[in-house]
Amino acid sequence: MALSGIEIYKKLPKKNCGKCGVPTCLAFAMNLAAGKAELSACPLVSDEVRKELAEAAAPPIATVTIGSGDTAFNTGGETVFFRHEKTFVNPTGFALLIRDTEDDKEIDSKIAAFNKLQFERVGLLLKANLIAIKEESGNAERFASVTGRVNEKTRAPIILMSDKIPAFDGAISICKENKPLLYAACRDNLEDMAALSKKNSCPLAVRGENIGELAELAGRLVESGIKNLVLDSGARTLRQLLEDQVAIRRAALLKKFRPLGFPTIIFPCQMTDSTVDEAAIAAVGVAKYAGIIVLSQLRGETLFPLLLERMNIYTDPQRPMAVKEGIYEVNKPDENSPVLVTTNFALTYFMVSGDVESSRIPAWILVQDAEGLSVLTAWAADKFVAQTIAPFVKKSGIMDRIRHRKLIIPGYTAQILGELEEELPGWEIIIGPRESSNIPTFLKMWKA
Ligand code: SF4
């Protein structure tokens, strides 16, 4: 397992200089152990310790990056079996399978579905992440041409799949900068695929006939110096898949078995012809540690519940979901529109904004950073009180956007009325409803 915060602290320079962004080496060590900081943030660590810590502090399941730039997809990096033990780090990626035997019209329609099927929930954009292009035509030029088509129409990270080494060259040359995942090294082509991966600095998938063979092949690749691996145990039945997924995670976390310390890729698209069954298999994969799930098609009715499942499992239970502090406009407000203030707890914000929106009355919502706490909790913790709200209102810029000086506060914080009037001289503080659902009725009485 990774080192504890105290073990890491013993190896740090202990200068407490703050250059790493936190005031003490101990705080930095704790952040490092929790995966919330990078060792590179401390400029004073010696090369020797850097090497030692980098290896020791590395998560038992390596993080593998597919793609580059702002669309790069990270998988792996996990340290626990269950989310409630700490948190899961990199959400499962959904990949859409495109075969190079499909005609261009069909391919374009799949790419269009990939680009279109996006859902916003509590401020998060939920969507599929990657496109897997499979060479089945036996024609390297066609494989390269489909890769070019995908690369041109979407910025998604790509998985290139073929059993034939020569087929990769043309396709890789088209998307080399995008660092595609190469699928897959197996017993017959291990050295050639390893060489291809090294030559192009691309991550590599490795497939075994079973988990035993997978461990052996992955071990050989690790020994040859390849660090960016994605594992396919070869399981193509639901039961085997479930068993392998659990066994791989157990081996990586409990036994620190390096050859299996990598994220996995699974293929519901190869396990059934039924759309519903494919979604059900994918759902098991999300629940049981799959790094990447390859689907034969994207349909809203099956993708949406999978995305929600993923969001629920990969939400950090220790960190409240929050929206950014700032001014939010609802229903195109103007200088006479009401101003409501609330906290940045995502659920609070979306309830308030939803109720303001349904009132059809234009309004400004000031969202104050209260560390993601709800109104009452933040008030009780002194994070949403007159002394935090007043400075925020002043610096927010809302005064340049409105002519009046009236501020509506949540009904549950009526106690701060007097103090807030003192902190915001010249403002009229209005106590709003306790429940967000009463906002539409309340706003009907608004007069600037
Ligand atoms: Fe300690 Fe390094 Fe952070 Fe300075 S930069 S406080 S030495 S961990």
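Alanine 184 sits in strand S8, which covers residues 181-185; helices (H or I, at least four residues) and strands (E, at least two) are DSSP runs, numbered from the N terminus. A cis peptide bond links tyrosine 183 to alanine 184, with omega about 0°. Most peptide bonds are trans, and most residues other than glycine have a negative phi.

A quick word on what you're looking at: this is a predicted model, where local features need pLDDT of at least 70 and side-chain atom pairs count only at pLDDT 80 or more, while totals for chains, interfaces and linings use all residues. Residues are numbered from 1 along each chain as its sequence is written, and side-chain values use heavy atoms, with hydrogens and water left out.

Let's step back to the whole chain. The protein chain has 16 helices and 17 strands, and its C-alpha atoms fill a box of roughly 80 × 60 × 40 Å along the principal axes. Of its 448 residues, 49% count as buried, where buried means under 20% relative accessible area, exposed over 50%, and partly exposed in between (1.4 Å probe, protein chains only). The domain assignment gives domain 1 (5-57), domain 2 (63-314) and domain 3 (326-443); such bounds come from an automatic or database assignment. The centres of domain 1 and domain 2, taken over C-alpha atoms, are 33 Å apart.

Now, which residues surround the ligand? They are Pro13, Lys15, Asn16, Cys17, Gly18, Lys19, Cys20, Cys25, Phe28, Cys42, Pro43 and Leu44, each with a heavy atom within 4 Å of it.

Next, two lysines to look up on your screen. Lysine 14 has a positive phi of about 60° although it is not a glycine. You'll find lysine 14 in the loop between helix H1 (5-11) and H2, and it counts as partly exposed because its relative accessible area is 39%. Lysine 332 also is not a glycine, yet has a positive phi of about 55°. Its place is the loop between strand S13 (326-330) and strand S14 (339-343). Is lysine 332 buried or exposed? With 76% relative accessibility, it counts as exposed.

One more lysine before I stop: lysine 127 belongs to strand S5, residues 124-127. Its relative accessible area is 29%, so lysine 127 is partly exposed. Phenylalanine 114 is 13 residues away along the chain, and the C-alpha atoms of lysine 127 and phenylalanine 114 are separated by 8.1 Å.
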